[in-house]
Amino acid sequence: MSSLRASWGILRMQLVSKVQYRAAAWAGMTTNAFWGFVHVIIILTFYRFGQQSNAGTSAGMSMVQAVSYVWLVQVLITLLSGTILDNEIREKIRSGDVGLELCRPLDLYAHWFARTAATRLGPFLLNVVPITAVAMLLPEPYRLQPPASLAALLSSMVAVMMGLLLCCASVGMAYVLLMRVQWGEGPMSIFTVLIDILSGAYLPLQLWPGWAQRFLMLQPFAGIYDLPLRLYVGTLAPSTVWQVLLIQAGWLVVLVAVGWLAMRRALTHMVIQGG
Amino acid sequence: MNDFMLYTRYLRINFLAGLQYKGWPMQILMVLFIVVTDPLGVVLLFSRFGSIGEWSVERTMLVYGIALTAFGLAELFSRGYDAFPWQIRTGAFDRMLLRPRSTIVQVLGMRFHLHRLSRVAGGSCIIWWSLARQGVSLGLLGLVQLLFALVGGYLVYTGVFIASSAVAFWTIEALNWVYIFTNGSYQVTKCPPQLLPGWLRNSFTFFMPMFVFSYYPAAAICGWGEVPVGLGWLALPAGAAFIAVAFALWRVGVRFYASTGS
Amino acid sequence: MSQIILDSVGKTFKVAERPPGLFGAMRGAFVRKHREVKALDDISFRINAGELVGYIGPNGAGKSTTVKIMSGILVPDRGQCEIMGRIPWRQRVAHVAQIGVVFGQRSQLWWDVPVIDSFELLRDIYRVKEQAYSKRLAELIDVLDIASLLNTPVRQLSLGQRMRCELAAALIHNPGILFLDEPTIGLDAVSKLALRSFLKDMNTRHGVTMILTTHDMADIETLCQRVMVIGRGRLLFDGHLDTLKRQYTPERRIRAKLAGHCGIDSLPGADSIEIKDNEVIVYFNPERVPAQEVIASLAAACPLLDLVVETPNVDEMIARMYRELSL
């Protein structure tokens, strides 16, 4: 409960500071938009000029859908990116102050989980409208299309929320790695980049080689970007939302359980080491 | 002791400091992983869609590899300027002003991490791979041209770092912008330059001359015949001009700092 | 000829104001107000070679701005500043080669490497000749007792150990002037004493000019003859510590233990009187009424067991001075 209240405070503070530092917010959004635009151009080039220009459609994803997908990744990046870590938590781990957190009457894993979610919601809420608007107002073929249907929108929104939880659980594992202060930073970074790659932030998973599709669909991180966005662009029917949620929930349970246990182990390890 | 020697001493002490952290081999692996996986998306696209006209994956990767290696060199040897904007509020620049040396050498020497070598190594491998796959043998002239391209690129990226550090004297709020010209810039090379929108191609040719040190030399070395071969030699002068402008901005920033403090 | 000359130096900063709260932040995103802050109004002083001057004032009074101007980091808006015949910000490189600066809150040592590596880099930075360096270093190692610390990375040193190394680092190039910005902050009693005696020694034996800003009045009392007080960007006092004491603590107090009941609520010659349990405190001004008279009348009024006459300590004096000047 106190974790939730603390998270609400964090969210509010984030909103205030983001609005206050308007230049930073604008710069962040411009960078996002630039990044999205470049990726859109790259993917468009292949769809239009590639030797097998129908290779995308045959994989079940049309050019229009792919472009929308790329934009949506940029819209959601502040919410779902695996590589954004909370500086305060990092600093606590680095300085060994996590030991002090143990004195507080709350579960550290739950606390960090809630904090991670809160620090992502703030920037997202401020970015979502401008970036979506810019992406939708661009001329064809660069623009982000509206959702395939109202059902597609609603089902993808529910899946995005689950995606956020999945993302927080994945980032929680990254924090656990970081708690191995002696060597954890390198493996942690590799892990977070891996989250981004396998969640479809680099390329829609449908455009990966055909032989890898079954694996890609069923690995833990597909539920972060890829599956919710398939619902939005319409490569998955809204009626399949239950299957998507089932995959997400299954992995969420696994990641939370593993993360929670691993954090307990890492904490005792830290205490023994003297922080 | 002259400034260059002093710079090497700075590198030495930072190198020694880096070795104190036991996780440094892991850090090297980490950057290598990031470098290797960054072009994953475009490589997968090539494998699904095939080449884009003349532009095969090898050709694209050569331009990308040159830009990446140049950026890696700047990160390796000019990392101090890259990190400077985030140091300024800590009073780090005050300390530099208190030392009887050029502030430029001091900022350059402020940071040096061995694991930044990974990007240079990864980029060089990409260049080597794509040249080998295209069956291009460099020859002395080509090698010189390639080296000039990398040095020119190094100057340009260092110039970007210096310019952003100069802006940091006024504000660090909007500094996210700089990603467009650092990590963002070489993303642009994943697409054949002719197929880019004109304003984007021109920005990265005339404003920040990224294509001048990556695409032009690559085309000249491999004889793609898309641009005049002479343009392949422009990398070094373009880099020098770019960094000169950046330095001028830096000077103005230093003067502004002296009148306002941190 | 004075070594340090400041002549009507002034410096004004512009500070952006941000209204509080979410609503204020939104408003602040469109309109932004600036406020001018006079950090230094009109500061003039001279310091001769070999002086050890305490520079005090409340937080935000302009101490660090003055130090920054004198060390060449900051350019003043008006007035002149000349140090060893040079204008600090015009001839920065030549100037800073002759000064040393110690910030109590910041380190100039490289955090992750053994102390000796930092010293060697500083030698290269300041272009100290090898022979002069080894002689100087041996001296500093000896006086500061840091021989056993040289091979330890800085981050593993205690604050007291680190501060000794900071001092060595600031003096390796044999500067004629040393600026010390709160050097004793956070130090334990033993380290403070050691630091003070080192500074005293450097000043008297080597003739290093020192300007010391601090909030610890014991630093000032043990080290400085001359004190400068700054408040709201103006120099409010410049002179001998004793003069300052006379001016702001004319008052003495008698603290006495009572042997029995004492029911008085005033005493002839005393400014005020407080009685608590079996203790009585009497305030008086010796320049108006001699201590002898006050003690005599107190002894006549109350049964006394024991008695001391105290001067309010320097902290109290400074606090009172800041209050009186409404800083």
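Trainee: How many residues of chain A are in contact with chain B, and with how many of its residues?

Mentor: This is a predicted model, where local features need pLDDT of at least 70, side-chain atom pairs count only at pLDDT 80 or more, and totals for chains, interfaces and linings use all residues. Residues are numbered from 1 along each chain as its sequence is written, while chains are lettered from A and ligands numbered from 1 in the order in which they are written. Contact means that C-beta atoms, placed from the backbone, lie within 7 Å. The count is 36 residues of chain A with 36 residues of chain B.

Trainee: Which element gives the largest share of the side of chain A that touches chain B?

Mentor: Helices (H or I, at least four residues) and strands (E, at least two) are DSSP runs, numbered from the N terminus. Two elements give two or more residues to that side: α9 (185-198) and α2 (22-49) of chain A. The largest share, 15 residues, comes from α2(A).

Trainee: In what order do the 4 strands of the open sheet in chain C stand?

Mentor: Strands pair if DSSP finds at least two bridges between them. The pairing here is antiparallel. The edge strands, β11 (272-276) and β13 (304-310) of chain C, each pair on one side only. The order is β11-β12-β10-β13.

Technical notes. Contact = placed C-beta atoms within 7 Å.
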